[in-house]
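Grab a pencil and open the viewer.

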Amino acid sequence: MSDEKANLHLRDATYDFDVIPANEGNHGINISPLRATSGAVTFDPGFANTAATKSSLTYVNGAEGMLRHRGYRIEDLAEHCTFLEVTYLLLMGELPSRKQLDAWTAEVRVHTLVNEEMKGFFDSFPRSAHPMAILSSATNAISTWYEAYYNPSDPEAVAESAKRLIAKMPTIAAWAYKKSIGQPYIYPRNDLTYVENFLHMMFGLPVEEMDIDPVIAKAMNVLLILHADHGQNASTATVRFVGSTQANLFASVAAGMNALWGPLHGGANQAVIEMLQAIHDDPDATTETYVARAKDKNDPFRLMGFGHRVYKSYDPRARILKGFADEVLSRSGVDDPLMEIANKLEQVALEDDYFVSRNLYPNVDFYSGIIFRALGFPSRMFTVLFALGRLPGWIANWKEMHEDPTTRISRPRQIYIGERTRDFVFIEDR
Ligand code: ACO
């Protein structure tokens, strides 16, 4: 805490609030005593100006398009790390030594199987079920085997829950997909890396050996890292919100998955591909007509994969992905016409005053779908892949919240604008 104060002048009184310095980025004004001292509350729709927590995990500089985890640049992490290494960094605070990484990998690896009874759980969904619905339900469902680890105040129980979630999520994600296409569920193989094992369970069959293309495995590793954490986004805030009630880690993560599913958040990656496909399939459509629709305030259509609450410049993850998309497409020999449409759309939008004046740039979801597609994933799996990547961020935020002694149950206020007291009217008289 610094000596600096912020003053609020309200109805002939002045109130002083402590200023909370940040190491980087926005400093905060601690308005905790506001309601008790002044009778007022703050009003901040969408929490655009509200810091709900202090955090040491991730720094996003929206003006300059920078993203760092625990101080490390996302560009460096994406180029040099494995996903489990970044997971370790987020959860433990430091990059692991080789020995620590090996031990961590071994600890996670032993938990990749889900209970055999879960097969019946996957079977019970209709073939047409969206895999995000299965993913979040299964995340809740597996918690029923781990009630002994529910206590959020027990660090060992939390560590065990975290390991199980990280280890089992690829299995759950792959089985959600297998269910949707009527193929047998493929068991994990613990001799493979985290990413290779996921690809094996997604695309393998019990009748033949599957060769895992290292290009695809590398691309998947980078994609997961790019999604690993991103500050207090809607799904992470949901995980913290639910966790603040002392709900267990599984339940909190399942809630975060549901928040992620929405098309304004992680669901945008599926929506982007559907938008690009619609442009491709419509002989009368041009990128210009879609940009015009996005600008039309009478049309609810938005350019999916564009805009971000925090980034007011190019999303660094989108920048990495854009370069990567070209590389993956050319190396895997895929000539995707949607890539050309995406490039054109971006070019048209970035030269348009509407997008320029509102600082609307491509976000992570704009190019991730094209790469996921090139890797062979159907569009309905894209948000599941996002969830797989975001899992360490959710867990690390949940942990950080529980380790913070100042944490209280999340419970926002409201400004009531409804009726004042009315006399009750009996049903016969209404
Ligand atoms: N297309 C057209 N106009 C847009 C878009 C878009 N994609 N995004 C924002 N705008 C406009 C808004 O209409 C608003 O215009 P106005 O000032 O004239 O009213 C202005 O830009 C500011 O937008 P807000 O909606 O106020 O910004 P907010 O921070 O609330 O929303 C969001 C951010 C939800 C990401 C928004 O940009 C959007 O809907 N984008 C499309 C969906 C998307 O790609 N989501 C993924 C985000 S990244 C992630 O979650 C992983």
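**Exercise 1.** Which residues are linked with Glu-107 in a network of salt bridges?

Before you start: this is a predicted model, where local features need pLDDT of at least 70, side-chain atom pairs count only at pLDDT 80 or more, and totals for chains, interfaces and linings use all residues. Residues are numbered from 1 along each chain as its sequence is written, and side-chain values use heavy atoms, with hydrogens and water left out.

*Solution.* Start with the rule: a salt bridge is a side-chain nitrogen of Lys or Arg within 4 Å of a carboxyl oxygen of Asp or Glu. The network joins Glu-107 to Glu-160, Lys-163 and Arg-164. By this rule, the count comes to 17 salt bridges.

**Exercise 2.** Find the salt-bridge partner of Glu-24 and say where each side chain sits.

*Solution.* The partner is Arg-68, at 2.4 Å, N to O. Glu-24 is in the loop between β2 (13–20) and β3 (28–29), while Arg-68 is in strand β5 (residues 66–69), 44 residues apart. Strands (E, at least two residues) and helices (H or I, at least four) are DSSP runs numbered from the N terminus. Now check cover: buried means under 20% relative accessible area, exposed over 50%, partly exposed in between (1.4 Å probe, protein chains only). Arg-68 is buried at 16%, and Glu-24 is partly exposed at 38%.

**Exercise 3.** Work out how many residues of helix α3 are buried.

*Solution.* Go through residues 83–92: 9 of the 10 are buried, among them Phe-83, Glu-85 and Tyr-88. Just after α3, look for Gly-93, with its positive phi of about 100°.
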